[in-house]
Each structure stands twice: as C-alpha cells, then as structure tokens.
Amino acid sequence: MSSIKYKRILLKLSGEILGGEKGSGFASATLRDIAEQIKEIIGLGVQVAMVIGGGNIVRGDGLSHELGIDRATADYMGMLSTIINAIALQDVLEHYNVHTRVLTAIEMHEIAEPYIRRKAIRHLEKGRVVIFAAGTGNPYFTTDTAAALRAIEIKAEILMKATKVDGVYDADPNIVKSAVKFEQLKYLDVLKRELKVMDSTAISLSMDNNFPIIVFDINIKDNIKKIVLGEKVGTLITGR
Ligand code: GTP
C-alpha cells in the first residue's frame, strides 16, 4: 500500500468551485464529487480540515465595488455566505457517512460550534472533517488568508488550494496559449510577479511560517488522493 505523505491537510475550496460551471449557487455533481474524494482520503486515515469561500453566494469585494456597500459590511456578508456553504457541505458529507464538525469564527450557536483551536484539533484526531466557516471572522481578510491561518494554527502539513486550473502559470492559460506552468514556486516569486494565486496576506503569512501550499485542479478525479500520497500534482509553493 502507498504511504501517506500528508497526514493532516487543510483543503481550501472557493465558493465558485461549489457552484460548478456557473460558479454560483450549488452544483450537486461537484458537491458529490468533492464528498467522494474526501471520503476516500478519510478512509486512508488522513485528517481533513477545510476552509470554504463564499463567492458562489456573495462576493464581498464585488459588492463593495459595484453597489458601493461599505467594504467591511460587504465582507461580513461574504463571511455569512461561507457559513451557508459550510453547512451545505457538511450535509453532503454526512450523506456519505463522513463525520463532520462546522466551526465558525462568527459565533452562531444554533447553527455551528464556535471556533476553538484545541477543539478543532481534537475533532481531527477523532477522524472528523472539520469545516472552518466565516473566514477569520474579520473584514479585510480573504478566505485564502483564513485558510493559511487555520492551516498553521492546527499544525496541518500542507495547505491544498483547490482551483479550476492545474497549478500556477506565468500567464492566464485560458487567454495566453503559450503560458507555462510552474512545478514549484517560491513565496517571494508569487509576490514579486503578482501571480494571482492567493492574495498577498495569505502568501506572506505562509512565507513567515514556512508553510507549504499546493495549488491544484480539483476537477481532476483523484487529485486530492494523489497529493496526500505524495504524487506530483499542481504547483508547490515553498520557501525553497
Ligand atoms: P467530543 O468532545 O469528542 O464528544 O465532541 P462532540 O463534537 O461529539 O461533542 P459535543 O457534545 O461538543 O457535540 C455534539 C454535537 O453538538 C456535535 O454535532 C457538535 O457539532 C454539536 N455542537 C457542539 N457545540 C455546539 C454549538 O455551540 N452549537 C451548535 N449548533 N452545535 C454544537
């Protein structure tokens, strides 16, 4: 049997991914596919934590620009949408008999447990998927930053950033046909080249803590499993 490279992971999903092709609302096939992939790695004994975005429901920055809604208010609306996504994903995972706990950074006792770091770690040790909702609980921070923060806090071994492309390219591969994919990148290069992979706060937090990130295509079946088993998938971002 192949050995497991990453025993505790943090998987970051954008809200748009839950929305499938449309990128909005929920795509049931995508939700089922993600749940199946997670069930498989839980079966291997991997501890799985997740951070979910909210862009399929509300995009904080978009609302702020387009409607002139105050940025902090728009960000809180975005955080609420991540809670909706977290409980949707929780329900889908439970249909697959995967035990889950949603922990929210904005207290909402009737709906989910509050975020307590030590509780999160205990849930992971018991084999439950821990879904972190409401980002960091603060405006002006993205869910990518929440993912980096939580990954470091719970001592995960890797931050797996799910996207719809198979890694980081030097230009948008959907527009520039000759775009080249990076196998590996340094945090500083992501920042210097302004590669639109994660926002600079998330990258700097990871850099300061030397925390590795893999950017990969979640729509390719078995990619999550391949990564936890140590296969080369997507782009690895590290200090070296
Ligand atoms: P153990 O400590 O391992 O027993 O963890 P547990 O999560 O099974 O125990 P607990 O009694 O804390 O939780 C039982 C159920 O209640 C789980 O589904 C939790 O997610 C849920 N739960 C716990 N605290 C809260 C809360 O503050 N709000 C909501 N809505 N649910 C909660």
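In this predicted model, a nitrogen atom of the ligand lies 3.2 Å from a backbone N or O atom of Ala 112. The protein buries 52% of the 620 Å² that the ligand exposes when taken alone.

**Ligand shell**
- Strand β4 and helix α5 are the elements that give two or more residues to the shell around the ligand.
- Residues surrounding the ligand include Arg 101, His 109, Glu 110, Glu 113, Pro 114, His 123 and Lys 126.

**Helix α5**
- Helix α5 spans residues 117-125, and its buried residues are Ala 120, Ile 121, His 123 and Leu 124.
- These residues lie on the same side of α5, because they cover an arc of only 160° around the axis.
- The cover over the buried residues of α5 includes β1, β2, β3, β4, β5 and α6.

**Nonpolar cores**
- The largest nonpolar core has 40 residues; Ile 9, Leu 11, Leu 13, Met 50, Ile 131, Met 160 and Phe 216 touch the most other members.
- Helix α4 (residues 71-95) supplies the largest share of this core, six residues.
- Beyond its neighbours within four places in sequence, Ile 131 is in contact with residues including Met 50, Ile 52, Leu 89, Arg 101 and Leu 103.
- Another core, of 31 residues, lies apart from the largest one and has Val 130, Ala 147, Leu 159 and Tyr 187 among its members.

Terms used
Residues numbered from 1 in each chain as written. Predicted model: local features only at pLDDT ≥ 70, side-chain atom pairs only at ≥ 80, totals over all residues. Heavy atoms only, no water. Core = buried A, V, L, I, M, F, W, Y, C linked by side-chain atoms within 4.5 Å. Buried < 20%, exposed > 50% of the residue type's maximum accessible area, 1.4 Å probe, protein only. Helix = DSSP H or I, 4+ residues; strand = E, 2+ residues; numbered from the N terminus. Contact = heavy atoms within 4.5 Å. Arc of directions from axis to C-beta. Near = heavy atom within 4 Å. Polar contact = N/O pair within 3.5 Å; in protein donor to acceptor, adjacent residues only side chain to side chain. Areas by Shrake-Rupley, 256 points an atom, 1.4 Å probe, with all protein chains shown as cover.
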